Amino acid sequence: MKFVKALIFSMCVFGTAYGADIDNIVERIDTLFRSDYSEATVSMMITTPHWKRTLEMDVWSRGMDDTFITITSPKKDRGITTLRKGNEMWNYFPKIDKVIKVPPSMMMGSWMGSDFTNDDLVRESSLLDDYDASFVEDAALADSLIMISLVPREGTVSLWGEIRLLVRREDSMPLEQVYYDEHGAKIRVLTLSDIKELGGKRIPTVLTMISLIKDNNTTVIRYHDATFGEKVPDDTFTLRNLRKKQ
Amino acid sequence: MKMLFVRFAFRNIFRQKRRSILTGLTIAVGFFLLSLSIGVSEGSYSEVIDIFTKSHTGHIQIHHSDYLDKPNLYKTIDEVDIPELSFMTSWTPRVYSSALAFGNNKTLGTQVLGIDLDREFKTTTLAAKLSEGTFSEEGAVITASLARTMKVAVGDDIVLISQGADGSIANDIFPISGIVKDEEGMMLCYLSIATAQEFLSLGSRVHEIAIMTDSYHHAEEYATAIRESIGDATLDIQPWQVVEKSFYDAMLMDIKGMWVSLSIIMLIVALGILNSVLMDILERTREYGVLKALGTSPAFIFKLIITEMFLLTTISVIIGAIPAFIANWFLAEYGIALSEPIEFGGVMFSTYRSAVSFTVFAVPAALTMATSLIVSIFPAIGILRKPAVEAMRHV
């Protein structure tokens, strides 16, 4: 009897430790590209059967909720800016001088024709808050890797039925994220590579998103430069700045 | 001797001139009525097709292979040498896209059409639809419905947002340079083709080439000729019947309906002919009885009756064809103006026109001939069955 109690007790302790561990990993992934403040220069190369183009942009973020993006190249799209504040998002088009609000229903829509959704781009989703995480046992998996399954919590509006993360055990570095729909079909795969020290943080600097349903459309995001933790003026994340920034 | 019944038949026709003239007149008038109604309906349809194809579609269109089924920004015609074929009168390239339009705080979904101004005006009647302002290389021309819904006028700006062919978000602002008349609810925005191609990042690619030929009747053969001349399997070259399938199908349905009403006219004409022919033959029951009593073979009498009716009908049809031709020609040339224009498939047409064609004469001729012959068979048989004595007593 004592033995059973001890077993249950140890399981509980182990379970909690296990749980905290998984939360830590997920939180680390959530904040990988963020800090209290962050600033980055990024390029995005989109390849589809019909066209291929590369966007250059500057990205600022504050905490988990606020993001400001301005496109610097190509010339045609220069000055297009995106602001996300909390749950709201706007795009600004300088040529027509219009701020267009992205309705919540469009948050899962494509951003600038890429394979990233509006939501991906501005927040990378809060995996910790919106999903239930659990480890996936896979015998085929190398010892140095961990597989985590994320299932949307009840009440979370998500396009995905499940997200599977492949994480490096030694430093909890994410290597791959596979997105499934609610029927369990693979929709897209995000590969994170070229792990480098950038702005005082080791991050994967190349993110490759391959859509498995749209003729293998591919979007590659490359971090050229980044700083983390350096304060960004608060008025960056305002609608006024959206119009002003060129 | 062989052709004796023919001579008899002729003599019979001219013996009782008044009777023959009355019967012949019924047939001639019947023929005239039929010919005119077929002519007018044919003429009206060709008028509708003519206005319709000239309005926008053209007689033949070229697209990327499956553009017609599933239009898409990327299904473009990249490069094509339009051949110069003798029947082609003009052609014009076009670019299409849907876009979100802003103006005066209103947002609406619209269709953007890039047109080659010079070529378009030579090919279609678009220029004539302009009600205000002008077409220009930089400005946008919108339909009256769009202008009304957005509460904008010539001189205002219209903002368009769409998807560019290079994946970018096409967005630009255009001054409204003109307004065109349209059917109710058509939200169209015309740009010059160069402006539209730049707006949509299409380069020199186009979605459609509309071709005008010397006659829409031959669109199918012409399309085949162009197909052979270009010889590119990735292109879909189709006559207006295929391009505007719903319009064409609706028209075919309508034509079916027309034949129902035409058959009622035919029935009335047939009854008229039946009446006269029946009288013509029954009146002479006594005479045939005498012929029979004199030993004329029943077959001879039968042939005689049928030949007489055949000759009479032929003469009447020829006589009826003269006014029918004049009336149809006159209506084809000048038409009758309608007080209220009628809309069909989005085309307003305001004059009733007739047509002069083979059908307009052949169908009524065949019909009157068949009617008069069929209706004469029965009284002829009736007489043959009647014993000569009884027939002779007939008054």
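How much area is buried between chain B and chain A? I get about 1,300 Å², with carbon and sulfur atoms giving 63% of that. Buried area here is the accessible area (1.4 Å probe) that two parts lose on being put together, summed over both. On the chain B side, B:Y74, B:I169 and B:N171 supply 38% of the area buried against chain A, more than any other three residues.

Ground rules, before I go on. This is a predicted model, where local features need pLDDT of at least 70 and side-chain atom pairs count only at pLDDT 80 or more, while totals for chains, interfaces and linings use all residues. Residues are numbered from 1 along each chain as its sequence is written, chains are lettered from A and ligands numbered from 1 in the order written, and side-chain values use heavy atoms, leaving out hydrogens and water.

**Interface.** I looked up who takes part: 13 residues from chain B and 13 residues from chain A are in contact (heavy atoms within 4.5 Å). I found two salt bridges across the interface (a side-chain nitrogen of Lys or Arg within 4 Å of a carboxyl oxygen of Asp or Glu). B:D166 forms a salt bridge with A:K76, with the closest N and O atoms 3.7 Å apart. On chain B, β6 (157-163) and β7 (169-180) each supply at least two residues of the side that touches chain A. β7(B) gives the most, with four residues. Helices (H or I, at least four residues) and strands (E, at least two) are DSSP runs, numbered from the N terminus.

**Confidence.** I checked pLDDT, the predictor's confidence in each residue, from 0 to 100. Chain A averages 83, and 89% of the residues score at least 70. Over residues 9-19 of chain A, pLDDT stays under 50. Where pLDDT is low, the predicted coordinates should not be read in detail.

**Helix pair.** B:Y288, B:L291 and B:K292 in α9(B) meet B:I301, B:L304, B:I305 and B:E308 in α10(B).

Most residues other than glycine have a negative phi, and most peptide bonds are trans. The bond from A:S73 to A:P74 is cis, with omega near 0 degrees. A:P74 is in the loop between β3 (66-73) and β4 (81-85) of chain A. Phi is positive at B:N104, near 55 degrees, and at B:N105, near 65 degrees.
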